[in-house]
Amino acid sequence: MKKFLTLCIFLVISQAWAQKIEVSGQITDEAGLPLPGASILIKGTTKGKTADFDGKYKMQTNVGATLVFSYVGFATQEVVVTQATMNVQMKGDATLDEVVVVAYGIKKENKAVGSAISVVQSENVNQVLQGQAAGIRVNTGSGQNLGSKIAIRGYASLSGNQSYHNPQYQTSNESYKEINENTFKRATLTPLSTFSIDVDRASYSNVRRMINNGIDVPADAVKIEEMINYFQYDYKQPKGRHPLVIHTEVGVTPWNKDTKLLKIALKGKEIPLNKIPPSNFTFLIDVSGSMSAQNKLPLLKKAFKLMVDKMRKEDKVAIVVYAGAAGLVLEPTSGAEKEKIMNALNNLSSGGSTAGGAGIELAYKIATDNFIKKGNNRVIMATDGDFNVGIRSSSDMETLIEEKRETGVYLSVLGFGMGNYKNDRLELLADKGNGNHAYIDTMQEAYKIFGKEFGGTLYTIAKDVKLQLEFNPNTVQGYRLIGYENRLLNDEDFKDDKKDAGELGAGHVVTALYEIIPVGVESAYLKDVDNLKYTSQNTNKKSYSDELLTVKIRYKKPNKNRSIQLKAVVENKVAKNASTDFNFTAAVALFGMQLRNSNYNNDSKLKDVIALAELGRGEDKNGYRAEFIRLVKAKPTATK
């Protein structure tokens, strides 16, 4: 009888333990900030979830199952499921003792046949990565060869010597336009500084991908302006008739107490989604063989589904694909027919060579044929950039894109993947097409672009936006624009309405930094120049000693060809207390300068970046700034 009762109790407990349950909760760091993109895996299985942008998750499992929580830069935690709500606070992990290499095998009928797990000490990870590139094959012992699909799971070390990286892996076939760092200019010789705005953010997400994967970051992959503009800042919206407003702030340069740092920013007017005109989208999707990796076409399809979710009944979308040839796989379809659009995306598969030129031509034809007058007409291209232009030369294709932008059909470009990512090519296409360029490495990045920033990403409120700063030589000895090297314009281009420049989307924020050497300060950054014989340094009787500079902005309304000018004067005084945004933009700029081995970072260290970023962390509702701080800490050279 006693044995029988024991057996009954055991069966009751076992049944309860195997009970299905929906578990939900939030994953945060030690400060209580959410960890977007944290991984939750049911131990002993391949089933898992990814936390959303608020660090929240929801999944089905059994009572008694063990959930494994992991996030880059944090110690992995295992928690047994005992209740429906499970909030997890993760702790930072400062070391990397080993990396787990997991290989999975797949039968033809797509059923998993097994897995092999091996532990590789951190000093041997390069050998593993090199082996992967050569094609490692792992046997499960069941007679199944798993091929070369190997996932490396691990975190970059905070201790420097134990971190892993392989400079010969991942970026050897990627391409970036050369950047020649801006130098200091003398205000007496060149008082004008002119450039186009840049709302692209691809550089930051791309650099983040490299650091998180232990990759050496090429200097030309670091565009400081794109890193700064990746983040949102607390700038007030425009109140008048203009769709944008100027904000300025002057403080002491954090990395050089002898100079001043000018922050100049533009804030675009925010427009609710229901107020945005009807949209005519054409998805132009690369389905060539180079897009087969999980972080390419499969991620791309999930990203576009986020955008489809945002579409309204009055919006429409067509899908054009290109591989060996280009084709229309979805005719223009109302945003109300979401299931039809989703099915078209689900049916996409990769294979073949890449005829990018033919795809662009067909996409523009579809967009033009379905043009919405006074609407939002845009081709959205998604690719790794590794394509052939086909029947057209590169210059012919650029000309086509320029011609179409004049008709009101713009081009935005989304980059995917790693190893053969052609950043320079994609950026050029977006620039020619009056669009923006973004790099999507995770679903969290896709959510940021298509979820939280949908309007600004895809609806232009001002085009050909240019800035021109006139520095006062009576107060400014020298100045240097930090970043924007590929956006510089000739001074005479400022008033030339035929000269193309960048576009500003609804709610977009653009920030630029200048380092300024005041008059009377000795600086090795300024080389000696003979005094001018024929040009007076003071052509005006007034010295304007209370003014540092005047900033002018020109922009055009999206459907107009004549520019409108705005102007603001920046006073010659330094703010007593720098704002959180000032500190954070300076931290991002300094980190970018360090990544580029800049001549002007004044021997600063990564710890200086971290301290400055902490000062500028602010409210950080979505955790982007906390992620940046973790990224800096995860840099292999964090012991600098």
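Trainee: What relative accessibility does glutamate 270 have?
Mentor: A quick note on the source: this is a predicted model, where local features need pLDDT of at least 70, side-chain atom pairs count only at pLDDT 80 or more, and totals for chains, interfaces and linings use all residues. Residues are numbered from 1 along each chain as its sequence is written, and side-chain values use heavy atoms, with hydrogens and water left out. Buried means under 20% relative accessible area, exposed means over 50%, and partly exposed is in between (1.4 Å probe, protein chains only). Glutamate 270 counts as partly exposed, because its relative accessibility is 45%.

Trainee: Which residue forms a salt bridge with glutamate 270?
Mentor: Side chains of opposite charge can pair when their charged atoms come close. A salt bridge here is a side-chain nitrogen of Lys or Arg within 4 Å of a carboxyl oxygen of Asp or Glu. With its closest N and O atoms 2.9 Å apart, the pair joins glutamate 270 to lysine 267.

Trainee: How many salt bridges does the count come to?
Mentor: Another example is the pair of arginine 405 and glutamate 406, at 3.3 Å from N to O. Arginine 405 is buried at 12%, whereas glutamate 406 is exposed at 58%. By the rule given above, the count of salt bridges comes to 29.

Trainee: Glutamate 427 and arginine 487 also meet in a salt bridge; how many residues apart are they?
Mentor: The side chains come to 3.8 Å, N to O, and both residues are buried, glutamate 427 at 5% and arginine 487 at 9%. Helices (H or I, at least four residues) and strands (E, at least two) are DSSP runs, numbered from the N terminus. Glutamate 427 sits in helix α9 (residues 423-432) and arginine 487 in the loop between β22 (476-482) and β23 (502-505), so placing them in distant parts of the chain with a separation of 60 residues.

Trainee: Which residues are joined with Glu427 and Arg487 into one network?
Mentor: Look for salt bridges that share partners.

Trainee: Which residues have the most contacts inside the largest nonpolar core?
Mentor: A nonpolar core is a set of buried Ala, Val, Leu, Ile, Met, Phe, Trp, Tyr and Cys residues joined through side-chain atoms within 4.5 Å. The largest one has 69 residues, and helix α12 (residues 580-595) gives the largest share, 10 residues. Those with the most contacts inside the core are Phe231, Phe591 and Phe628.

Trainee: Which residues does phenylalanine 628 touch?
Mentor: Contact means heavy atoms within 4.5 Å. Residues up to four places away in sequence are not counted. The list for phenylalanine 628 is Tyr204, Phe231, Phe584, Ala587, Val588, Phe591, Val609 and Ala613.

Trainee: Why are the buried residues of α13 on the same side, and how wide is their arc?
Mentor: In helix α13 (residues 606-615) the buried residues are Leu606, Val609, Ile610, Leu612 and Ala613. The arc is that of the directions from the helix axis to the C-beta atoms. They share one side of α13 because they cover an arc of only 170°.

Trainee: Which helices do the buried residues of α13 pack against?
Mentor: Start from the opposite face, turned away from the buried side, which carries the exposed residues Lys607 and Leu615. On the buried side, the packing is against α12 and α14 (624-634).

Trainee: How far apart are the C-alpha atoms of valine 287 and alanine 382?
Mentor: Valine 287 lies in the loop between β15 and α5 and counts as buried at 7% relative accessibility. Leaving aside neighbours within four places in sequence, the contacts of valine 287 include Leu297, Val321, Tyr322 and Leu348. Alanine 382 is 95 residues away along the chain, yet the C-alpha separation is 9.4 Å.

Trainee: What percentage of the residues of the chain count as buried?
Mentor: The secondary structure comes to 14 helices and 26 strands. Of the 640 residues of the chain, the share that counts as buried is 51%.
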